[in-house]
Amino acid sequence: MKNIVLIGFMGVGKGSVAREIIKHSDYIALDTDDLIESMENRKVKTIFEARGEAYFRKLEKKVSHWLQKSVQDTLISTGGGFYKQKNLKKIGTIVLLDSPFDAIIKRIKEHPNAAKKIKKRPLLKDLKKARELYDTRRPEYLKVADIIVDVTNKSAQECAKEVLKKVKRL
Ligand code: S3P
């Protein structure tokens, strides 16, 4: 089984879809932000505040090399900027969870823990800047993806089924 690498913008639902995928398959799940947090023993937000974004990106690079070398049969969910790793395609099959910016923000705002979800993401603090980031990244996400799943108005379970179906077909 090749690794599946879930990419996509902050708040699109990579974590929720990952949890559904592992319920319906033999994959083990890993999350690049969780790996970084455990390496550093502090939250992503704190890493950004204490050491800045460039340092966080270095940690992502370190994680990407480790994933390529050491990880198999795994469903890997990634932070929204992880897709930029040069070795991304060598880690596994790249699955983009895709949705328009406004739908993503609506999804976050409707979540019972909305305030917490926004607070923990330094790059979501300023919505205007976040939209610009989305507009820059979206074509890059599309370019790097092997599979694209439109997640707009779909449950995590529906998205997970679609991911597994498309991965099998590949
Ligand atoms: C980031 C997304 C975050 C996290 C960090 C940077 C980004 O992950 O890695 O705050 O650059 O888009 P999520 O996509 O899980 O929010």
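Mentor: Around the ligand there are 13 residues, counted when a heavy atom lies within 4 Å, and the closest are K14, D33, R57, R121 and R137. This is a predicted model, in which local features need pLDDT of at least 70 and side-chain atom pairs pLDDT 80 or more, while totals for chains, interfaces and linings use all residues. Residues are numbered from 1 along each chain, and side-chain values use heavy atoms, without hydrogens and water.

Trainee: Which side chains have an N or O atom at 2.6 Å or 2.8 Å from an oxygen atom of the ligand?

Mentor: A polar contact here is a pair of N or O atoms within 3.5 Å. The side chain of K14 has such an atom 2.6 Å from a ligand oxygen, and the side chain of D33 has one at 2.8 Å. From G80, a backbone N or O atom also lies 2.8 Å from an oxygen of the ligand.

Trainee: How is a pair of packed helices described?

Mentor: Two packed helices are described by the angle and the distance between their axes. Here the axes, lines fitted to C-alpha atoms over the stretch in contact with angles from 0 to 180 degrees between N-to-C directions, belong to helix 1 (residues 14–23) and helix 8 (residues 156–169), which come within 8 Å and cross at roughly 65 degrees. Helices are DSSP runs (H or I, at least four residues), numbered from the N terminus. The contact, meaning heavy atoms within 4.5 Å, involves S16, V17, E20 and I21 of helix 1, and residues of helix 8 including A156 and L164.

Conventions. A polar contact is a pair of N or O atoms within 3.5 Å; within protein, one must be able to donate a hydrogen and the other to accept it, and residues adjacent in sequence count only if both atoms are side-chain atoms. Helices (H or I, at least four residues) and strands (E, at least two) are DSSP runs, numbered from the N terminus.
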